[in-house]
Amino acid sequence: MEALKGIRVLDMTHVQAGPTCSQLLAWMGADVIKLESPAGDATRGQLRDVPNADSLYFTMLNCNKRSITVNMKSPEGKAVFVELLKKSDILMENFGPGVLDRFGFSWEKVHQINPRVILGSIKGFGSSGPYADFKAYENVAQAMGGAMSTTGVPEGPPYVTGAQIGDTGTGLHLAIGLLAALEHRHRTGQGQYVEVAMMDGVMNLCRVKWRDHQRLSRQELAEYSVPTRGLAATPRAGNDSGGGQLGNAVKCKPGGPNDYLYVVVQEAVWHGLAQRVGPDIGHPQLAVDPRFAHIGDRRKNQNEMWRLLDQFGSNYSKRELMSILNDLDVPCGPIMSTEDLARDEHVRGREMYVELDHPQRGKWHNVGMPIKLSASPASIKRSPLLGEHTDEILKEVLGWSDEEIAAKKHAGAFSTTPSQTSDVGAR
Ligand SMILES: CC(C)(COP(=O)(O)OP(=O)(O)OC[C@H]1O[C@@H](n2cnc3c(N)ncnc32)[C@H](O)[C@@H]1OP(=O)(O)O)[C@@H](O)C(=O)NCCC(=O)NCCS
């Protein structure tokens with residue numbers, strides 16, 4: 001049985017940060033009703049790869065949901081929203097600051113309409129403080145939450161990470177908050193307001209950088225491969241491990257952009273690793289070389305250690321090197337391209353890259369459900385077309401007749417002058 005069966009989510013989220021959260025809730029069995037403007041979530045038309053079909057940007061973030069269009073700028077649309085709100089357990093939104101209030105539905109109003117409902121909100125910077133009025137996208141959050149200043153190399157510019165820590169990371173935080181609020185409601189009968197700011201979420205995901213920020217006031221950071229003496233802020237440190245063990249990406253054959261193996265030289269494995277590596281690179285005494293004898297020595301001379309490991313690694317492909325090092329119990333992993341992952345047996349076996357069908361685009365793939373519940377496994381279904389379930393939802397959730405639906409349609413509850421979604425405003 002699906003874990004969240006019976007929980008209804010009225011999902012007004014758009015773009016990525018919100019939809020990634022509601023998709024997880026849907027995969028856990030919640031009935032997620034995606035309430036869209038008559039023009040639809042802008043991502044339906046962004047970065048299109050198939051003419052007139054919902055983009056992958058949309059389809060990959062909105063699976064297992066039902067779609068209804070409601071014009072929140074018309075009195076009739078607002079009335080439909082109120083009826084749906086009364087029948088929902090969770091309302092979710094990630095509009096720009098003030099949008100929900102401008103619709104006339106502040107948290108106070110929402111709570112008054114349905115005291116049991118939980119309102120989940122994502123904002124760039126939350127509802128308080130000097131930044132509260134600003135909009136945000138993924139990389140804005142990465143910039144302001146400390147991720148960019150600590151990613152890259154000291155002599156280069158700051159970099160964003162490929163992982164969507166600002167959007168999807170915030171969606172994960174919100175999902176946790178909503179589940180906690182459901183449990184609280186279970187005990188008290190009361191809904192509550194759950195807010196996650198993208199900047200806060202990124203700061204949370206950069207926690208070890210804050211560890212190092214505070215250590216800097218007392219000492220150099222001996223494990224860093226870059227100089228840290230006298231710094232006031234945590235620096236960019238390339239591919240350093242960020243933990244107590246030394247780590248880095250080791251070059252492999254044939255030297256392509258992703259021909260690297262990430263290797264963690266755990267303290268316990270150094271001796272065995274050095275015995276294996278030394279003879280291969282013409283340094284049979286490596287295991288007893290005093291420059292690398294103890295972890296303190298290896299920290300001090302790590303750039304030379306990595307140079308020797310690069311020399312060793314360059315004789316092997318990343319898969320061959322992985323196999324050699326796994327035999328020595330060295331924690332390591334090849335740098336996987338998306339192509340590597342799409343073909344990977346382990347990934348397929350764990351249903352982490354699943355094939356789906358779609359009436360507009362045919363076969364496509366989505367990344368699977370990363371949370372595996374033994375009694376409630378996720379079954380992934382395609383994303384909805386715009387307004388695909390409008391009538392179904394009005395009948396099933398609100399109990400409306402065909403005549404009532406037709407009257408509301410005529411009154412403009414579900415439409416405006418048709419406007420096209422387009423690539424304008426793509427992130
Ligand atoms: C992402 C973001 C920058 C996009 O900005 P935007 O495209 O200007 O969208 P907004 O959310 O500010 O506004 C949405 C508009 O659609 C309108 N709209 C949304 N749903 C509607 C509906 N069902 N009916 C009628 N109008 C609707 C809103 O009224 C608003 O128009 P308004 O400004 O005239 O009031 C902004 O939503 C934001 O900062 N969100 C919070 C942070 C976030 O989640 N960012 C990550 C996105 S991945």
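Helices in these legends are DSSP runs of H or I with at least four residues, numbered from the N terminus, and the model shown is a predicted one.

**View 1. Helix 1 and the glycine that comes after it.** Helix 1 covers residues 17-27, and because eleven of its eleven residues are buried, this helix is largely enclosed by the rest of the structure. Helix 1 is followed by glycine 29, whose phi is positive, with a value near 105°.

View 2. The ligand is surrounded by 24 residues, of which Val70, Asn94, Gly96, Lys135 and Ala136 are the closest. Several backbone atoms face nitrogen atoms of the ligand: for methionine 72, a backbone N or O atom lies 2.9 Å from a ligand nitrogen, and for serine 37 the corresponding distance from a backbone N or O atom to a ligand nitrogen is 3.5 Å. Asparagine 94, already named among the closest residues, also places a polar backbone atom 2.9 Å from a nitrogen atom of the ligand. Taken alone, the ligand exposes 930 Å², and the protein buries 79% of that area.

View 3. A disulfide is a covalent bond between the sulfur atoms of two cysteines. With a pair of cysteine sulfur atoms required to lie within 2.5 Å, the count of disulfides comes to zero.

**View 4. Isoleucine 335 in its loop.** Isoleucine 335 is found in the loop that runs between strand 9 (332-334) and helix 14 (338-343). At a relative accessibility of 29%, isoleucine 335 counts as partly exposed, because this value falls between the cut-offs of 20% and 50%. When its neighbours within four places in sequence are left aside, isoleucine 335 is in contact with Asn258, Tyr260, Tyr262, Lys318 and Asp340. Histidine 14 is 321 residues away from isoleucine 335 in sequence, and the C-alpha atoms of the two residues are 32 Å apart in space.

**View 5. The two domains and the whole chain.** The domain assignment gives domain 1 as residues 8-204 + 344-411 and domain 2 as residues 246-251 + 260-334, and the C-alpha centres of these two domains lie 45 Å apart. The protein has 17 helices and eleven strands, and its C-alpha trace spans about 85 × 50 × 45 Å along the principal axes. Of its 427 residues, 46% count as buried, while the accessible surface comes to about 21000 Å², with 54% of that surface belonging to carbon and sulfur atoms. Among contacts in the protein with a separation of 6 or more, 67% are accounted for by residues 24 or more positions apart.

Definitions and conventions. Residues are numbered from 1 along each chain as its sequence is written. This is a predicted model: local features need pLDDT of at least 70, side-chain atom pairs count only at pLDDT 80 or more; totals for chains, interfaces and linings use all residues. Side-chain values use heavy atoms; hydrogens and water are left out. Domain bounds come from an automatic or database domain assignment. Helices (H or I, at least four residues) and strands (E, at least two) are DSSP runs, numbered from the N terminus. Buried means under 20% relative accessible area, exposed over 50%, partly exposed in between (1.4 Å probe, protein chains only). Contact means heavy atoms within 4.5 Å. A residue is near a molecule or strand if one of its heavy atoms lies within 4 Å of it. A polar contact is a pair of N or O atoms within 3.5 Å; within protein, one must be able to donate a hydrogen and the other to accept it, and residues adjacent in sequence count only if both atoms are side-chain atoms. Accessible areas come from the Shrake-Rupley method with a 1.4 Å probe; for residues, only the protein chains shown count as cover.
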